[in-house]
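Subject: Structure handover

Hi,

My notes follow below it.

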Amino acid sequence: MREMRRKDRQVTDPAVIREIIAGCDCCRLGLRDGERTYIVPLDFGFTEEDGRYTFYFHSAREGRKIDLVRQNGWASFEMDTGHEWVPDEIACEYTARFRCVMGGGAVTLLETAEEKRAGLAAVMAHVSGGEGPWDFDPAMLERTAVLRLEAEELTCKVHP
């Protein structure tokens, strides 16, 4: 993976990275579609084990996103929070504060009801701020696609 140019803004502290991810309410997936990139904003959930992140997304079972996941099996991702404009009298000195996490990894469709439950529980825990327990109707699980992205690359940047 390419090194970050602004190392003074790079975050490597695992606790800070986790805090930033937890503070984001949207994750954008970038999927290759031939010569173009398809970017889609999604609700998400995540788990972390020994500094490795797994992200989960729910979806309809059909559509462009699902087709591209099946075709490519890889996605880039980006999430950000803490946006604030910092004005200046000189136009080129305007700047913005932000906190972001970016990366990429293998993305797959979960198949079993047990896998889907675990993925949806992670989504629910993140979007609701709670840990459940969550009950998922078996018919709903059948109708819902759940994507899992295992981050192989992950960088975090803060512009204070």
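First, a term: a polar contact is a pair of N or O atoms within 3.5 Å; within protein, one must be able to donate a hydrogen and the other to accept it, and residues adjacent in sequence count only if both atoms are side-chain atoms.

Two points on provenance. This is a predicted model, in which local features need pLDDT of at least 70, side-chain atom pairs count only at pLDDT 80 or more, and totals for chains, interfaces and linings use all residues. Residues are numbered from 1 along each chain as its sequence is written, and side-chain values use heavy atoms, with hydrogens and water left out.

Helix 1
Helices (H or I, at least four residues) and strands (E, at least two) are DSSP runs, numbered from the N terminus. Helix 1 covers residues 14–23. Its Ile 17, Ile 20 and Ile 21 are buried (under 20% relative accessible area; exposed is over 50%, partly exposed in between; 1.4 Å probe, protein chains only). They span an arc of only 100° around the axis, so they are on the same side of helix 1. The arc is taken from the directions from the helix axis to the C-beta atoms. The buried residues of helix 1 pack against several elements, including strand 3 (45–49), strand 6 (95–109) and helix 3 (113–128). Contact here means heavy atoms within 4.5 Å.

Thr 144
This residue belongs to strand 7. Thr 144 counts as buried because its relative accessibility is 13%. A polar atom of its side chain lies 2.8 Å from the backbone oxygen of Met 140. Beyond neighbours within four places in sequence, Thr 144 touches His 58, Ser 59, Arg 61 and Lys 116.

Salt bridges
The whole structure has 8 of them (a side-chain nitrogen of Lys or Arg within 4 Å of a carboxyl oxygen of Asp or Glu). Arg 28 pairs with Glu 78 at 2.9 Å, N to O. Arg 28 is in strand 1 (residues 27–33) and Glu 78 in strand 5, so the bridge ties together parts 50 residues apart in sequence. Arg 28 also bridges to Asp 80, with the closest N and O atoms 3.3 Å apart. Asp 80 lies in strand 5 too, so this pair ties together parts 52 residues apart in sequence. Arg 28 is partly exposed, at 29%, while Asp 80 is buried, at 18%.

Best wishes
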